[in-house]
Amino acid sequence: MSVAMASLLMSKAVHAGGSVTALSDIPDALPTNIGATFSAISGDGNSVAGTVRLSVYSYRPYIFTLAGKTALPIPDGAELVFAQGISGDGSVVVGYSQATASSSYRALVWRSGVLTMLTDLETAPEGLTKPHSSVAWAVSSDGHVVVGQSALGLTGYHAVRWVDDGTPQNIEG
């Protein structure tokens, strides 16, 4: 049985085996929240990456399957944490976090639920520009390559990729 992403406008539901399953009908309760979004679907159709909004300034990343809802771990001190992409088999999820709405972004990857903060192209001196500013948007089907953006000094954001969570590579040259 596979799961396909459905629009939030279609009453927070996922499509399963030709029928629509409401998010509330998937096992495991979500914490009290004010909404949920789906960001990406795995290539095998069995997992959906998404984010649950707990309050105005509190977001948590989740993986949704027909078997249940799984909260992903978050970095210490982060209040806004988003799941943005998922690998072909659903074992790798990527996204980003912020401590507060006005703080810098940190690119994240979860491999089988284990959190890793990805490194940035460059960390500018405190106060010059936001240090540790990067976002992971998508991951390859096999889960080895993550793509996103990272700040590079005062030149702004550059497209980057991380291979197996290594050093970010500036793919803009």
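Author: Start with the contacts. Of the contacts in the protein chain with a separation of 6 or more, 40% are between residues 24 or more positions apart. Keep in mind that this is a predicted model.

Reader: How many helices and strands are in the protein chain?

Author: Zero helices and 15 strands.

Reader: And what share of the residues is buried?

Author: Buried residues are 43% of the 173 in the protein chain.

Reader: What does the accessible surface come to?

Author: About 8200 Å² for the protein chain. Carbon and sulfur atoms hold 56% of that.

Reader: Switching to charges. How many salt bridges does a search of the whole structure find?

Author: Two. One joins R111 and D165, with the closest N and O atoms 2.9 Å apart. R111 lies in strand β10 (residues 106–111), while D165 sits in the loop between β14 (157–163) and β15 (169–170), so the pair ties together parts 54 residues apart in sequence.

Reader: Which side of the cut-off is R60 on, buried or exposed?

Author: R60 counts as buried, because its relative accessibility is 16% and the limit for buried is under 20%. E79 is at 33%, so E79 counts as partly exposed.

Reader: Back to β10. What does β10 pair with?

Author: Two strands, named here in turn. Strand β9 (residues 92–98) and β10 pair in the antiparallel sense over six bridges. β10 also pairs with strand β11 (residues 114–117), antiparallel again, over four bridges.

Reader: Why call β10 largely enclosed?

Author: Because five of the six residues of β10 are buried, the rest of the structure largely encloses the strand.

Reader: What about a sheet further along the chain?

Author: There is an open sheet of four strands in the order β12-β13-β14-β15, with antiparallel pairing. Its edge strands are β12 (134–139) and β15, and each pairs on one side only.

Reader: How many bridges join β13 to β14?

Author: Seven join strand β13 (residues 145–151) to β14. One example is V146, whose bridge partner in β14 is W162.

Reader: Aromatics next. How many aromatic pairs are there?

Author: The count comes to six. One of them is Y96 with Y105, edge-to-face, at 5.5 Å centre to centre and 80 degrees between the planes. Y96 counts as buried at 12% relative accessibility. Y105 is partly exposed, with a relative accessible area of 28%.

Reader: Which rings are linked into a cluster?

Author: Ring pairs link Y59, F82, Y96, Y105 and W137.

Reader: And on the surface, which residues form a nonpolar patch?

Author: I34, V56 and Y57 form one, with about 340 Å² of accessible area together. V56 is in the loop between β5 (48–55) and β6. V56 is partly exposed, with a relative accessible area of 48%.

Reader: Last one. Where is D89 found?

Author: In the loop between β8 and β9. D89 is partly exposed, with a relative accessible area of 48%. Leaving aside neighbours within four places in sequence, D89 is in contact with S42, D44 and S141.

Note on methods:
Residues numbered from 1 in each chain as written. Predicted model: local features only at pLDDT ≥ 70, side-chain atom pairs only at ≥ 80, totals over all residues. Heavy atoms only, no water. Salt bridge = Lys/Arg side-chain N within 4 Å of Asp/Glu carboxyl O. Buried < 20%, exposed > 50% of the residue type's maximum accessible area, 1.4 Å probe, protein only. Contact = heavy atoms within 4.5 Å. Areas by Shrake-Rupley, 256 points an atom, 1.4 Å probe, with all protein chains shown as cover. Phe/Tyr/Trp six-rings, centres within 6.5 Å; stacked < 30°, edge-to-face > 60°. Patch = residues over 30% accessible without salt bridge, like charges linked within 9 Å, V, L, I, M, F, W, Y side chains within 5 Å. Pairing = 2+ DSSP bridges.
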